[in-house]
Amino acid sequence: MRIAVVGTGVIGASWTTLFLQYGHEVVATDPAPGAEARLRAAVTADQTRLTFTTDLARAVADAGFVQENGPERPEAKDEVFAVLDAAAPPETVLASSSSGLLPSRIQRACAAHPERVLVGHPFNPPHLIPLVEVVPGERTGEAAVEEAMAFYRGLGRRPIRLRQELPGHVANRLQAALWREAYSLVERGTASVADIDTAIAHGPGLRWALLGPFLNQHLSGGAGGIAHVLEHLGPPMEEWWADLGAPSLTPELTREITRGVAEELGGTAEAELVAERDALLALLLDAKNRTDHL
């Protein structure tokens, strides 16, 4: 398939790597000066089937699928999707990587074929993290949703279909809930930034990487499963919910979190940390792929 990658920043470059790894032809486009050089430096796959153009309409003219990765600004999406709607073949799915914008809002710019517009939100880096959130808008057709789900599955991804549009979709909202309490604990002085990272990375985060919150909770209930957990631990959990914080990102809290992250890094280069993270991710994903239920 010929895939158009619109916007070649961190997410676009990672998508490009994935598409090339699966043998697709990729036409990438980005108007930023030096975008092609940065893309080619970032892509780790064979680039024989990769071409680049700054002409957006030309990039999508013969595309069988479009993955858009532009700025998270509604007016910027309007400009891009107006061109995509007019230039891409009418049957081609237009998927946005938007992490929070609603597809119904994005569809407003598509007067001709809004039925093929949806969100296909990945997690960074898309060439490693399997999750893709497929979010249809009010005018998205069922055929486009089914095609997108099949397309992402064909790339070895684990797409989920959202049945309702919400800002931030599903996974980012779950992350935001955790961040909210993490920031609150720092604000209260309950724990340091490093301690909170340790609590998750060396505690429940290890299990969350294998099974989701519901199955993990089910397994903690022994023979009674999740029904037992909810019966016996549900009331205390409701008390915890009532005590969760509602922090504001004041300048003081922002400085405290920034300082805490710098202390936790302790001079470690971010590029080194990313490389170690990605190497461990690859090992974990390989192990998960060799199991039957994970």
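The model is predicted, so local features need pLDDT of at least 70 and side-chain atom pairs count only at pLDDT 80 or more, while totals for chains, interfaces and linings use all residues. Residues are numbered from 1 along each chain as its sequence is written, and side-chain values use heavy atoms, with hydrogens and water left out.

**The sheet.** Select the strands (DSSP runs of E, at least two residues; helices are runs of H or I, at least four residues; both are numbered from the N terminus). Eight of them form an open sheet with mixed pairing, in the order β3-β2-β1-β4-β5-β6-β7-β8. Two strands count as paired if DSSP finds at least two bridges between them. At the edges are β3 (50–53) and β8 (158–161); each has a single partner strand, so one side of each lacks a neighbour in the sheet. Direction ignored, neighbouring strands are turned by 25° against each other on average. Axes here are lines fitted to C-alpha atoms, for helices over the stretch in contact, and angles run from 0 to 180 degrees between N-to-C directions.

**β1 and its partners.** Select residues 2–6, strand β1, and residues 65–68, strand β4: they pair in the parallel sense over four bridges. Val 6 is opposite Glu 68 in β4. Towards β2, β1 is joined by five bridges, again parallel, and there the bridge partner of Val 6 is Thr 29. Right-handed means that, with the strands pointing away from the viewer, the path from the first strand over the helix to the second runs clockwise.

**β2 and β3.** β2 and β3 run parallel, joined by four bridges, with Thr 29 opposite Thr 53 in β3. Helix α2 (residues 35–42) lies across β2 (25–29) and β3, at about 160° to β3. β2, α2 and β3 form a right-handed β-α-β unit.

**Helix α4.** Finish with residues 74–87. This helix of 14 residues reaches 20 Å from its first C-alpha to its last, close to the 20 Å expected at 1.5 Å a residue; the expected span is 1.5 Å times one less than the number of residues. Which residues of α4 are buried? They are Ala 76, Lys 77, Val 80, Phe 81, Leu 84 and Asp 85. The buried residues of α4 pack (heavy atoms within 4.5 Å) against β1, α3 (56–60), β4, β5 (93–96), α5 (103–107) and β6 (117–122).

Conventions:
Buried < 20%, exposed > 50% of the residue type's maximum accessible area, 1.4 Å probe, protein only.
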